[in-house]
Amino acid sequence: MAFSAFSWPFRRRGSGSGAGGGSSNSAAAAEEDEELGVTLQLLDFLRTLSPDAFKAAALQLQGGDAEATAGELTSWQERHAVLVLSKAKGLSKIRYDLCPRHMKDKQFWRIYFLLAKSYISPYELRAIQKEKLRRMETENGKPKEVITVEVEMQESKGSRVSQPSEVDLESQV
């Protein structure tokens, strides 16, 4: 059985010396890290977190906003969580220490996303925008390039109508 037949956890991560070549694998991994918001700034921030920070946030949430701890993780958040656990070993240890003794896993992730919001929200918003574009494309049945060209054509038609040509200007004189 070929190495590429294994599921993604075995195929994606590696030292870069696999059959796929090192530079393209690491470039793709870096692109995915960026897409999912796992940046050096986030990893630095995560090094400052402690189990006590999560416990304190859990106590604050119990008395306040129950909506912040409710709900399921989005697809993007799930992918982000898997990636951040593989990159930030300190966060993995905190999670191991807290779950399920002190809090449920779902509550841990809600608190994590609240604490890291300023670092990851731009990336999550970008992912939401991309998903909306994909949905619009599938609803229209046209690829993104066609939609873009149609918009550009409409804009150029509108600009031609509103701006008189040189011939029109000369005939008025």
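Modeller: Let us begin with the overall count. A search of the whole structure, which is a predicted model, finds eight salt bridges.

Biologist: What is the general idea behind such a pairing?

Modeller: Side chains of opposite charge can pair when their charged atoms come close. Here, Asp44 forms a salt bridge with Arg47, and their closest N and O atoms are 2.3 Å apart.

Biologist: How many residues apart are Asp44 and Arg47 in helix α3?

Modeller: They are three residues apart in helix α3, which spans residues 40-47, so about one helical turn separates Asp44 from Arg47.

Biologist: Where in helix α6 does the spacing of Lys93 and Asp97 place the two residues?

Modeller: Lys93 and Asp97 lie four residues apart in helix α6 (residues 89-98), and about one helical turn therefore separates them. Their side chains meet in a salt bridge, with an N to O distance of 3.1 Å. Lys93 counts as exposed because its relative accessibility is 52%, whereas Asp97, with a relative accessible area of 26%, is partly exposed.

Biologist: Which side chain meets that of Arg95 in a salt bridge?

Modeller: The side chain of Asp105 does, at 2.8 Å from N to O. This pair links distant parts of the chain: Arg95 belongs to helix α6 and Asp105 to helix α7 (residues 105-115), ten residues apart. Arg95 has a relative accessible area of 27% and is partly exposed; Asp105, at 32%, is also partly exposed.

Biologist: Let us turn to helix geometry. What span should helix α5 have, given its number of residues?

Modeller: Helix α5 comprises 13 residues (75-87), so at 1.5 Å a residue it should span 18 Å. The expected span counts one less than the number of residues. The end C-alpha atoms of α5 are 19 Å apart, which agrees.

Biologist: Which residues of α5 are buried?

Modeller: The cut-off for this class is under 20% relative accessible area. The buried residues of α5 are Trp76, Gln77, His80, Ala81, Leu83, Val84 and Leu85.

Notes
Residues numbered from 1 in each chain as written. Predicted model: local features only at pLDDT ≥ 70, side-chain atom pairs only at ≥ 80, totals over all residues. Heavy atoms only, no water. Buried < 20%, exposed > 50% of the residue type's maximum accessible area, 1.4 Å probe, protein only. Salt bridge = Lys/Arg side-chain N within 4 Å of Asp/Glu carboxyl O.
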